[in-house]
Amino acid sequence: MGNGNSREAKESRRSKLRQKLQKFRIHRRHLRCSRNSAGMVIQRAVSAEDFSGIALLTLIGADMKFKDKWLACVSFGEQTFRTEISDTTEKPIWNSEKKLLLEKNGPSLARVSVFETNRLSRNKIIGYCELDIFDFVVQEPESACKSFDLLDPTSSNVVGTIFLSCAIEDPVETEKRFAKRILSIVDYNEDGQLSFSEFSDLIKAFGNLVAANMKEELFKAADLNGDGVVTIDELAALLALQQEQEPIINNCPVCGEALQLSDKLNAMIHMTLCFDEGTGNQVMTGGFLTDRQASYGWMFKLSEWTHLSTYDVGLNTGSSASYIVVIDRKSKRLVEELIDSKIVLSMRAIYQSKIGLRLMDQGAKEILQRLSEKQGKKMSSVESAQKIPRFLEFFKAWKDQINMAEVKYPLQHFKTFNEFFIRELKPGARPIACMNRDDVAVCAADCRLMAFQSVEDSTRFWIKGKKFSIRGLLGKSVNPNAFLDGSLVIFRLAPQDYHRFHVPVSGVIEKFVYLSGSLYTVNPIAVNSKYCNVFTENKRTVAIISTAEFGKVAFVAIGATMVGSINFVRKEGEHVKKGDELGYFSFGGSTVICVFEKDSIRIDEDLLVNSGRSLETLVSVGMQLGVSTRTFARSTLT
């Protein structure tokens, strides 16, 4: 190995280092999945207890039923990655890979979607498959290729086959290989050893000025056998020792990001995810939230480049305004809720401007009332049944948002659109969490959920109407004192959802209170508007449920545009068990709000965390919502 004393040798080494780091940085770009207050993307910290390893997932290729230019996307947790576009063929080859961080309580289900790309603004999804990363590796030898059927999202027919491989590196292996990966960055002649000049370049890349000034001392400390080179084992020992005493890695040598010196685990994870394993495969492009976003064609990207749109979790603006990004609690993956773009524009014009709301005050409310009544009658006509197939096709084309296999009756059973809209599900389609424990509350609807431990939190993160209050929500006939600083859970139902709502807690229905009002939309566009007070002005019914574990619970069913009809199937004085059907909404979107007495429920942490990010959680009837605080009090006493 050369000693690097000549200027040409130094420039050559620096050039090689710059080229290698540039390649790594391109691969690393957009990998991280959350943003700080300045909008900069950062990697979320992982605890040692939760860290389960690193998975290297490779999309090898596919066998499709017709020729086209093909693109594949992988959605995992809050991240989505995409391959390059293939040549025109029936058998696209991508050989494209991505590293995925695995956590004990994190996502394990990956969704792979394949698109044809012959469209300008939006590519068309042809098929998808889902795989559990852990099961995939357990069932197959490490790195073995496995085939999966690609299913048409509208019909579930097989439309092709995709070939994948996956290898999992456990935490022990990650730690063992860490030094080897770091060494390879500056091991220019790839002999597995570092000369002093290579070692100096590495220390410089770490971004630690103190260490850079001590490079001779550090080299001698690392070169345990005094042979003038540092081996992988010697470098590993040095890094381990220095990280315990005085860390020498300030910056990631791949992407240059500053690392948290006190957090050795996440520094190692960060650099491992940055690193290119040198397989020769393409690294998938990241920085996307959903496969729909990743699959957009050049016209959408042009709008992004000209700053006409933003694309983030929650409610989007600009050219992305017709999509709401929510997180699926079951798969822990971000998904999109589709809204007709013309409807979005009209809602923004009405609900997010003073002029629009002034129109409401001058007669538009009555127009919405009459429109809802007219639409309700129309959807109850025999002719309306013709709309069902098109409705199904729209919502099944993306994410299979309506699962007919769960529906109690076949499609031909429904004689009107409204009959289909209030469809029942098969027994057992919605398991009830901890069925025999009345101290566990459950989700009341298939919906997008926001949960807040206090009303104050709900107005800070979500409800922007200036006049919102618990008194206004419950009306004058309900004594609000017990609920004033209580916990608030909002269950927002979209048109594609199962529209029957269920009892979240076991108890006795004390009374129903019927409150007349407007029929504003319950879409987040209106809820997030400071000019509108949807929940306290809309038509609604309040049910007060008396329980042994939670005290009194206020269950508020709120009507919305196109949803004038709120129907309850239980009566006052009736004892109900959590999970029992309580009622249903007719055509449209709608909302249920549950208000718990102060300090009566400990809402599940994942729901609170998502809501604190203004991110709705996609949940199903019967999923756990929270646990009575009396349970925690009893466990403390024992």
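# Notebook: sheets, cores and buried residues

I began with strand 26 and noted that 3 bridges tie it to strand 28 (residues 581–585), the two running antiparallel. Strands here are DSSP runs of E with at least two residues, helices are runs of H or I with at least four residues, and both are numbered from the N terminus. I count two strands as paired if DSSP finds at least two bridges between them. The model is a predicted one: local features need pLDDT of at least 70, side-chain atom pairs count only at pLDDT 80 or more, and totals for chains, interfaces and linings use all residues. Residues are numbered from 1 along each chain as its sequence is written, and side-chain values use heavy atoms, with hydrogens and water left out.

**Entry 1. The sheet of strands 22, 28 and 26.** I looked up the partner of Asn-567 and found Tyr-584 of strand 28 as its bridge partner. The sheet is open, has 3 strands in the order 22-28-26, and pairs in the antiparallel sense. Strand 22 (500–502) and strand 26 (566–568) are its edge strands, each pairing on one side only. From one strand to the next the twist averages 25 degrees; for such angles, axes are lines fitted to C-alpha atoms, for helices over the stretch in contact, and the angles run from 0 to 180 degrees between N-to-C directions.

Entry 2. I then examined an open sheet of 3 strands with the order 19-32-30 and antiparallel pairing. Strand 19 (440–442) and strand 30 (601–603) stand at the edges with a single partner strand each, so one side of each has no neighbour in the sheet. Neighbouring strands of this sheet are turned by 30 degrees against each other on average, direction ignored. Strand 30 is joined to strand 32 (residues 624–628) by 3 bridges, and the two run antiparallel. Within this pair I located Arg-602 opposite Val-627 of strand 32.

**Entry 3. Strand 7 and its partners.** I checked the covering of strand 7 (residues 93–103) and found 9 of its 11 residues buried. Buried means under 20% relative accessible area, exposed means over 50%, and partly exposed lies in between (1.4 Å probe, protein chains only). Strand 7 pairs with strand 3 (residues 51–64) in the antiparallel sense over 9 bridges, and Leu-56 stands opposite Lys-99 of strand 7. Strand 7 also runs parallel to strand 14 (residues 282–283), to which 2 bridges join it. There I noted Glu-97 opposite Val-283 of strand 14.

Entry 4. I next asked which residues touch the most other members of the largest nonpolar core. They are Phe-199 and Leu-235, in a core of 37 residues. Such a core is a set of buried Ala, Val, Leu, Ile, Met, Phe, Trp, Tyr and Cys residues joined through side-chain atoms within 4.5 Å. Strand 3, helix 3 (171–186), helix 4, helix 6 (215–222), helix 7 (232–245) and helix 8 (264–274) each supply at least two residues of this core. Helix 8 gives the most, with 7 residues. The contacts of Leu-235, leaving aside residues up to four places away in sequence, include Phe-199, Leu-202 and Ile-182; contact means heavy atoms within 4.5 Å. A second, separate core of 34 residues includes Phe-491, Phe-512, Ile-545 and Val-576.

Entry 5. Is Arg-540 buried or exposed? Arg-540 counts as buried because its relative accessibility is 6%. Arg-540 belongs to strand 24 (residues 540–547). I found a polar atom of the Arg-540 side chain 2.7 Å from the backbone oxygen of Gly-472. Beyond four places in sequence, the residues touched by Arg-540 include Gly-472, Tyr-514, Phe-535 and Ile-566. Leu-493, found in strand 21 (residues 487–493), is buried with a relative accessible area of 2%. Leu-493 and Val-592 are 99 residues apart in sequence, yet 8.1 Å apart in space, C-alpha to C-alpha.

**Entry 6. Confidence.** The protein averages 79, and 74% of the residues score at least 70. Over residues 317–321 the pLDDT is below 50, and this stretch has 16 contacts in the model beyond near neighbours in sequence. Residues 342–353 also stay under 50, with 34 contacts beyond four places in sequence.

Technical notes: Polar contact = N/O pair within 3.5 Å; in protein donor to acceptor, adjacent residues only side chain to side chain. pLDDT = per-residue confidence, 0-100.
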